[in-house]
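Q: I have a structure open and would like to go through it. Can we start with the strands and then move on to side chains?

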Amino acid sequence: MKKLLATIFLLLFLNSFSQKNTKVYYERKGDTMVYYADNQELYPVSFVFAKQPELENMRSPETFKITQVFPSKSVRNKVAYFVVNDKTQKWGVKKMPGYMMYIGDVTIKNFDSNYQYDLPFKKGKSFTIFQGYNGTFSHQNENSLDFTMPEGTEILAARDGLVVDFVSHNNTACPTRNCADKANYITILHPDGTFAQYYHLKQNGVKVNIGDQVKKGDVIGLSGNTGWSKVPHLHFVTYLSSTTDDKLMKTVKTLFRTGNGNKAEYLIEKKAYSKEY
């Protein structure tokens, strides 16, 4: 069951971003071949190559890196270059290795783990965590939080960031994985390379656009009950991109300012948290 669920979310993760604006190509100049990568997306993209290139009568003056990360909105990032050994003999690149593309920078190991997030709802409100980190229903081995929340509740950005993806058209929910791809959500990229996702929003409940820079406390959407969901709630998760973890995400625990904002803590299942700041 765990493997099946991981596969489902892996496919959702891969398909949730277009990656149509990323490509690898080469240019030949005399006895040199140079490979480049363009990444016109709003987020960094990581390429993980399967192996080293296969060359005939050519050498690589620089070590070919199996994992390479290309910044957002960048072109002509050098992937590799090769030079002929003996011009009198046949030469060329016999085969460039295949590769996998991953959303974000998979090399990030250190992020701002001490950052204090704001609760993702308005001042004067209080909501309960009905499923916490490593919850038994759908959070096994996952650092995600579910806030019990009436449909239509305004959702606020918990941290500054860039909106890189959203879905808003769905209007279906059910308590099984059959509805896993029916959720509305927003994905925001943070300055330290982590992503946050706000899930199960109501139909047409997304109040931002791709490319928007949002500030902590901005209204970004309305809560709902879409996707794999029993009752109206907000699913919140922060993660780093990963090549090995389930769902291609390494989910991370996040500190939240609670009460009047003077205290930061990890939220606990079955406990209610109020926001007075």
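Q: How many bridges join β3 to β6, and do they run parallel or antiparallel?
A: This is a predicted model. In it, β3 and β6 run antiparallel and are joined by four bridges.

Q: Which residue in β6 is the bridge partner of S46?
A: S46 has V69 as its bridge partner there.

Q: And how many bridges join β3 to strand β9?
A: Five bridges join them, and this pair also runs antiparallel. Strand β9 covers residues 99-103. In β9, M100 stands opposite V48.

Q: How many of the residues of β3 are buried?
A: Five of its five residues are buried, so the strand is mostly covered by the under 20% cut-off for relative accessible area.

Q: Which residues of β3 point one way and which the other way?
A: V45, F47 and F49 point one way, while S46 and V48 point the other way. Both sets are buried.

Q: Why would they alternate?
A: Because in a regular strand the side chains alternate between the two faces of the sheet.

Q: Switching to rings. How many aromatic pairs are there?
A: The count comes to 17 aromatic pairs. One of them is F47 with F70: the ring centres are 5.1 Å apart and the planes are at 75°, so the pair is edge-to-face. The cut-off for that label is over 60 degrees.

Q: Where do F47 and F70 sit in the chain?
A: F47 is in strand β3 (residues 45-49) and F70 is in strand β6 (residues 67-70). The two are 23 residues apart, and the pair links distant parts of the chain.

Q: Are F47 and F70 buried or exposed?
A: Both are buried.

Q: Which residues do ring pairs link into a cluster?
A: The cluster holds F47, F49, F64, F70 and Y99.

Q: What about F236 and F256, how are their rings placed?
A: Their centres are 5.6 Å apart and their planes are at 70°, so this pair is edge-to-face. F236 lies in strand β21 (residues 233-241) and F256 in strand β23 (residues 255-258), so the pair ties together parts 20 residues apart in sequence. F236 and F256 are buried.

Q: Which residue lies over the face of Y277?
A: R257 does, at 4.1 Å from the ring centre. In another case K23 lies over the face of Y25, at 5.3 Å from the ring centre.

Q: Now charges. Why do some side chains pair up?
A: Side chains of opposite charge can pair when their charged atoms come close.

Q: How many salt bridges are there?
A: The count comes to nine salt bridges. One of them joins R76 and E27, with the closest N and O atoms 2.7 Å apart. R76 lies in strand β7 (residues 74-84) and E27 in strand β1 (residues 22-29), so the pair ties together parts 49 residues apart in sequence.

Q: How accessible are R76 and E27?
A: R76 has 39% relative accessibility, so it counts as partly exposed. E27 is partly exposed too, at 23%.

Q: What does K51 form a salt bridge with?
A: K51 pairs with E54, the closest N and O atoms being 3.1 Å apart. K51 is partly exposed at 39%, and E54 is partly exposed at 31%.

Q: Which residues are linked in a network of salt bridges?
A: D118, K216 and R257 are. R257 is also the residue over the face of Y277.

Key: Residues are numbered from 1 along each chain as its sequence is written. This is a predicted model: local features need pLDDT of at least 70, side-chain atom pairs count only at pLDDT 80 or more; totals for chains, interfaces and linings use all residues. Side-chain values use heavy atoms; hydrogens and water are left out. Rings of Phe, Tyr and Trp (its six-membered ring) pair if their centres lie within 6.5 Å; planes under 30 degrees apart count as stacked, over 60 as edge-to-face and the rest as tilted. Buried means under 20% relative accessible area, exposed over 50%, partly exposed in between (1.4 Å probe, protein chains only). A charge sits over a ring if NZ of Lys or CZ of Arg is within 6 Å of the ring centre and within 35 degrees of the ring normal. Two strands pair if DSSP finds at least two bridges between them. A salt bridge is a side-chain nitrogen of Lys or Arg within 4 Å of a carboxyl oxygen of Asp or Glu.
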